[in-house]
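Take a walk through this model, one part at a time. Keep the sequence and the 3D view open side by side.

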Amino acid sequence: MTLSILLVDPDADRRTRITRSLGGMDCRIAGLAAGPDDAVRIAADTAPDVALVAATLGNGSGERLTDRLSGEHGVPVVLVAAGGLEPVPLGLAAQAGVMGVLVEPIGATTLRSTLEVAVCRFREIRALRQEAEVLRQSVEARKVIERAKGLLMEGGRLSEREAYARIRRKSMDTQRPMTEIARAIILSAEVSMAPH
């Protein structure tokens with residue numbers, strides 16, 4: 001798989017070293033950035049597969065950048081630290097979008113495999129989050145429909161089956177989702193019970 005990589009590092013020498021390491025691999029540089037503002041602009045313009053970000057951006061800008069790259073642009077982040085000289089800030093390494101940490105010197109094989117794993121894991125996590133959101137919405141919809149059924153059963157002396165059939169029929173007649181019909185039933189009941 002050809003990877004598109006955004007490289008973010010204020011150190012021009014390290015950007016050059018990493019770019020050389022990537023040269024022999026099946027990848028392309030989406031952009032080089034010295035700081036967060038350039039990185040976000042390049043990510044918006046090029047939609048890279050992964051970002052290599054220096055662990056030494058400082059002043060909390062690394063945390064904000066990883067949040068923006070992963071959250072707003074869907075780009076996983078791999079941190080790069082100079083061996084023995086700069087400890088990787090734990091807060092930065094624990095950010096949601098950080099999928100790996102590399103410490104220099106970085107071999108080409110290690111670099112490539114870390115980037116590929118980061119991209120795969122990030123995609124898996126995003127897919128799981130989307131599934132969880134769909135399930136959450138489904139549970140929420142069921143709760144609303146159950147509440148509306150209860151109100152219809154109570155107010156109209158209907159069975160559970162009859163209450164559900166009414167909501168379903170109204171949904172089909174109006175071409176609107178059942179949850180929308182259920183919310184209207186709940187709102188109507190709340191308005192009729194409100195003190196005058």
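In which loop is Gln175 found? Gln175 is found in the loop between H6 and H7. Helices (H or I, at least four residues) and strands (E, at least two) are DSSP runs, numbered from the N terminus. Phi of Gln175 is near 60°, a positive value in a residue other than glycine. Gln175 has a relative accessible area of 72%, so it is exposed. Here buried means under 20% relative accessible area, exposed over 50%, and partly exposed in between (1.4 Å probe, protein chains only).

A word on the source. This is a predicted model: local features need pLDDT of at least 70, side-chain atom pairs count only at pLDDT 80 or more, and totals for chains, interfaces and linings use all residues. Residues are numbered from 1 along each chain as its sequence is written, and side-chain values use heavy atoms, with hydrogens and water left out.

How far can the model be trusted? pLDDT is the predictor's confidence in each residue, from 0 to 100. The mean for the protein is 84, and 89% of its residues reach 70 or more. Among the elements, H6 has the highest mean pLDDT (92), and helix H4 (residues 90–93) the lowest (62). Where pLDDT is low, the predicted coordinates should not be read in detail.

The axes of H6 (residues 160–174) and H7 (residues 178–193) come within 9 Å and cross at roughly 115°. Axes are lines fitted to C-alpha atoms, for helices over the stretch in contact, and angles run from 0 to 180 degrees between N-to-C directions. In H6, Tyr164, Ile167, Arg168, Lys170, Ser171 and Thr174 meet Met178, Ile181 and Ile185 of H7. Contact means heavy atoms within 4.5 Å.

Turn to the sheet. Five strands form an open sheet in the order S2-S1-S3-S4-S5, with parallel pairing. Two strands pair if DSSP finds at least two bridges between them. S2 (27–33) and S5 (98–103) stand at the edges with a single partner strand each, so one side of each is left without a neighbour in the sheet. S1 (residues 3–8) and S3 (residues 50–54) pair over four bridges. Leu6 stands opposite Ala51 in S3.

Helices pack on this sheet. H2 (residues 36–46) touches S1 and S2, and its direction makes about 140° with that of S2. H5 (residues 108–156) touches S1, S2, S3, S4 (77–81) and S5. The direction of H5 makes about 165° with that of S5.
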